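Open the model in your viewer and keep the selection tool at hand. The stops below are meant to be taken in order.

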Amino acid sequence: MLEEIAPALLEKHKPKEKKLPPLPHAEPGKVVTRLPPEPSGYMHIGHAMSGILNYMYAKMYDGKLWLRFEDTNPRKVKPEYYENFRAGYRWFGIEWDYEKCNSEDLELYYEYASELIRKGFAYVCSCSKEEMSKGRFTMVECVHRQQPVEINLSLWKEMLSGMLEEGSVVLRLKGDMTNKNTVMRDPTLFRIIDYPHPVVGDKYRVWPTYDIAAAIEDAICGITHVLRSSEFALRDELQNYIRSLLGLQSPVFVEYSRFEFKGTPLAKREIRQLIGQGVVSRWDDPRLATVDGIRRRGLLPEAIREFTVSQTGLTYTKRVYAWELLYAINRRILDPVAKRYFFVPNPVLIEVEGAPAFHVELPYHPSEPLGKRLVYTGNKFYIPRKDVHGLKEGSMLRLKHLFNIKVKEFTDYMVKATFVCKEVVEGIPIVQWVTEDHVNVEVLVPDILYLDDGQLNPDSLKTVYGVGERACREIKHGERVQFERFGFCIRDDVNALRFIFIHT
RNA sequence: GCUCCGGUAGUAUAGUCCGGUCAAGUAUACGGGCCUCUCGAGCCCGGGACCCGGGUUCAAAUCCCGGCCGGAGCACCA
């Protein structure tokens, strides 16, 4: 639509697209990437940025994208999170070609498991957790490792048939107990978990661990490139090894360090704790970087996409992003489309002697054709207290788009002035104003939760009260506007005129 | 503690693989100016960095060694 009527306009506001660096060993049309969320918590900006990278690369190479829920721990996954991730990815404009849950493939994992056992690559181990951990630490093999295949096979059958209790045994890979990479030291492949699963119920009780499930899934989904954060780097060797034993193809790995934002927790545990302590209200608190939080916060999905492409590098270096970098992009996208309104924080009444009544048309935007609204004025106005502080007796002030006044006398709560003239006079302060026909407006101003010293920010959420022009009532819930000389804000409530401050 | 990995301006990055064109590019933040009936946007200008120490070399941000600092992993989590 916009492309047709005003291509030049679109071009003007189109952010300069910075290209993603090329993907190693990528062939156009053949790239397959994946979104691998664990549905055990709410989606946050880190998942989103990772998802954006996978999506952008699939698109860049005309490839395909999988959404694959890594839900092989029934004790951790919860039904509501599946949809939270789907909705979150959609909000960012991430489109996937295929979708599945790892929990649907248990039978398949079992087949691969028995293949590993038959070939002597895996064994059932009944060591306690402590023994196992000690053995791996000291690099010594346990007695079960030498069990004959037949015994492993029958124990495996017992595991599957429900004869063995949760925690009693585990299927382990015969890895390399002396490998420097500790994950190679006979890791657990399958364990028993007696707990109903949100997708498959209580049909299964033997569940694969992450490495075996991911190793198999990445191969059978035909994933060519795994883009993931660096905490998985040590798993590459293991997963490739498992695949080599099974005759499966391995993908190319591209790893990068986690995405963190200054003063903002992302870990589930930490956020849960903050909610528990009442520091933040809920998972969609605007101070949180959950997808629901940043959406309420007024940040645009396009801004986060652009940010991911332009400010992100595929590096291992630890980085903590400053929110300002994201705000700058968000502001650039928002500026040409956000309507301007007058909002007066901490209002002070001002009476203008001799002010003629006007009806003025105020433009919704200084340069873009976003329309106008009509305002009737009398001789009473509200202006920000902050601007009153700069006044002296006799100083001139311009009520924006209206007329100039001269201050006669003033206190912190009241200003008396006289009408001067309508014409613009150079060099006098210009302020936004609201007439007696106003509405009460409340703006929530979120800030980072943690200060640089790691302490909780006592001012992480402030509320600014003020008055807005009547037209504020037409702002829709979720609409982003700019309150002139105050900042960009998003309406946060269907009924109340409550807004959330986005950025200046 | 052990094992990996990394360290470019305030912040985030480009460049590092295949040493020279990097007296280091970009974005953001900052300072100055222009423009604007917003302290927003836009435009112009400016200051600002290769962790430290050795080595190799005609030449090192790039290669080697040591140190320091940071991150990740060391689960029957993913």
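Begin by selecting strand 2 (residues 64-69) and strand 3, which pair in the parallel sense over 4 bridges. Helices and strands here are DSSP runs, helices being H or I with at least four residues and strands E with at least two, numbered from the N terminus. Two strands count as paired if DSSP finds at least two bridges between them. One bridge to pick out joins Phe-69 to its partner in strand 3, Cys-101.

This is a predicted model, in which local features need pLDDT of at least 70 and side-chain atom pairs count only at pLDDT 80 or more, while totals for chains, interfaces and linings use all residues. Residues are numbered from 1 along each chain as its sequence is written, chains are lettered from A and ligands numbered from 1 in the order in which they are written, and side-chain values use heavy atoms, with hydrogens and water left out.

Now widen the selection to the open sheet of 3 strands, whose order is 1-2-3 with parallel pairing. Strand 1 (32-35) and strand 3 (98-101) are the edge strands, each pairing on one side only. On average, neighbouring strands of this sheet are turned by 25° against each other, direction ignored. Axes are lines fitted to C-alpha atoms, for helices over the stretch in contact, and angles run from 0 to 180 degrees between N-to-C directions.

**Strand 5 and its neighbours**

Move to strand 5 (residues 170-173), where Val-170 and Arg-172 on one side and Leu-171 and Leu-173 on the other are all buried. Buried means under 20% relative accessible area, with a 1.4 Å probe and protein chains only. Strand 4 (residues 122-125) pairs with strand 5 in the antiparallel sense over 4 bridges, and Val-124 has Leu-171 as its bridge partner. Strand 5 and strand 6 also run antiparallel, joined by 3 bridges; there Arg-172 stands opposite Thr-188.

**A buried arginine**

Which strand holds Arg-373? Select strand 16 (residues 372-377) to find Arg-373. Arg-373 has a relative accessible area of 6% and is therefore buried. Its side chain makes a polar contact with the side chain of Glu-469 at 2.4 Å and reaches the backbone oxygen of Pro-363 at 2.9 Å. A polar contact is a pair of N or O atoms within 3.5 Å; within protein, one must be able to donate a hydrogen and the other to accept it, and residues adjacent in sequence count only if both atoms are side-chain atoms.

**RNA strand B**

Finish with RNA strand B: of the 49 residues around RNA strand B, Arg-191, Gln-311, Arg-319, Lys-400 and Arg-485 come nearest. A residue is near a strand if one of its heavy atoms lies within 4 Å of it. A polar side-chain atom of Lys-76 is 3.1 Å from a sugar or linking oxygen of RNA strand B. At Gly-167, a backbone N or O atom lies 2.9 Å from a base nitrogen of RNA strand B.

Notes:
Buried < 20%, exposed > 50% of the residue type's maximum accessible area, 1.4 Å probe, protein only.
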